[in-house]
Amino acid sequence: MDQHPILSVSNLHVRFNLRGRSLHALRGVQLDVMHGESLAIVGESGCGKSVLNKNFIGLLDPNGRITDGSIKYYTADKALLSLPAAGKDEHGDYVDLAKFTKNSEWLRIRGKEICMIPQDPMTSLNPLKRIGAQIGEALKLHQGLKGQALHDEVIRLLGDVRIDNPEKRFRQYPHELSGGMRQRIVIAIAMACRPKVLICDEPTTALDVTIQAQVLNLLHELKEKYGLTIIFITHDLGVVANIAERVAVMYAGDIIELGLVREIFFDPRHPYTWALLSSLPQLSERGSELFAIKGTPPNLFKEISGDAFATRNPLALNIDHQEQPPYFEASPTHRARTWLMDKRAPRVTPPRAIRKLRELGGVDHE
């Protein structure tokens with residue numbers, strides 16, 4: 001994996017205006033997405049996962065706006081680098097997506113450079129159009145194909161996503177296909193654009209376990225074949241373990257822990273990550289009550305002081321209620337926003353589930 005970022009998010013703040021009130025949805029997000037990696041973004045509903053990724057393709061809701069920060073997309077495309085939002089830093093040439101204001105600018109990014117696979121293919125596919133026509137739309141727009149060349153490329157893409165009898169599927173409508181096949185069609189439409197970055201928003205939510213595994217394997221094959229960078233948005237920690245190389249844990253509009261998948265699963269440092277992993281049913285003791293995170297996420301209409309998780313954290317320190325923690329490094333690839341990693345903090349014992357995970361991972365953490 002190339003250790004240079006393809007996307008670099010710095011101090012990103014996003015607000016939504018709702019009935020005269022301002023909701024602070026993203027609160028200073030810092031994240032580098034490395035070229036060629038598989039990155040999973042996890043967290044509870046409403047933590048900001050989808051909002052963050054919508055900023056990468058210009059699909060933020062009309063009442064939302066970026067109030068601060070940058071989103072650098074590194075590219076060698078001369079047409080993109082001719083835009084006013086272009087610049088150069090130590091990693092290379094980039095365009096700052098946070099400065100895009102026109103749809104014509106986003107059309108150069110959306111689909112061609114960065115593409116998203118939506119969560120529900122049944123609602124994203126047009127029920128009145130045949131499958132071949134829907135895949136063909138992307139090919140016409142981004143590659144200018146038509147006639148026999150267009151037909152042949154659609155058939156090739158259907159084969160790429162492991163659709164059986166592609167000539168037959170070409171003429172069918174979405175309602176004639178299974179859920180797994182519809183998901184593959186959506187993936188084919190995304191790949192027709194030949195993007196550099198593929199965002200997968202809960203791509204296996206509505207699928208059974210067997211089909212889910214097939215779709216994940218397919219995405220892995222496409223990543224290797226086309227050199228994709230993949231961002232997974234998911235609640236399913238099982239998906240994370242199977243597909244991701246790195247994991248970003250989000251809470252209340254911020255990334256509170258980031259590390260390699262092994263570090264997050266076997267040596268997590270933030271109490272919220274401990275709580276998420278403790279919620280896994282397979283880590284509970286037989287006959288005991290399943291673990292649940294007590295309380296509710298903070299109200300993002302109000303400004304948060306201190307650690308956003310403090311009110312739900314039984315191990316919270318006094319400073320957690322007063323000052324937001326900085327990132328502390330556990331390793332060169334692993335960091336977390338928690339005062340418990342400060343040298344002055346008292347030593348605490350992680351929950352039993354986390355100690356069990358550390359034993360499974362062979363981690364000796366002092």
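Cys47 counts as buried because its relative accessibility is 4% (buried means under 20% relative accessible area, exposed over 50%, partly exposed in between, with a 1.4 Å probe and protein chains only). The model is predicted: local features need pLDDT of at least 70, side-chain atom pairs count only at pLDDT 80 or more, and totals for chains, interfaces and linings use all residues. Residues are numbered from 1 along each chain as its sequence is written, and side-chain values use heavy atoms, leaving out hydrogens and water.

**Cysteines**
- The structure holds zero disulfides (a disulfide is a pair of cysteine sulfur atoms within 2.5 Å).
- Cys47 is in no disulfide, and its nearest cysteine sulfur, that of Cys200, is 17 Å away.
- Cys115 is in no disulfide either; the sulfur of Cys193 is the nearest, 4.5 Å away.
- Cys115 counts as buried, with 11% relative accessibility.

**Fold and size**
- The chain has 13 helices and 13 strands (DSSP runs: helices are H or I with at least four residues, strands are E with at least two).
- The radius of gyration is 22 Å, close to the 21 Å from the globule rule for 366 residues, so the chain is as compact as a globular protein of that length. That radius is taken over C-alpha atoms, and the rule is 2.2 Å times the number of residues to the power 0.38.
- The C-alpha atoms fill a box of roughly 70 × 55 × 45 Å along the principal axes.

**Packing**
- Buried residues make up 51% of the 366 residues.
- Of the contacts between residues at least 6 apart in sequence, 65% join residues at least 24 apart (contact means heavy atoms within 4.5 Å).
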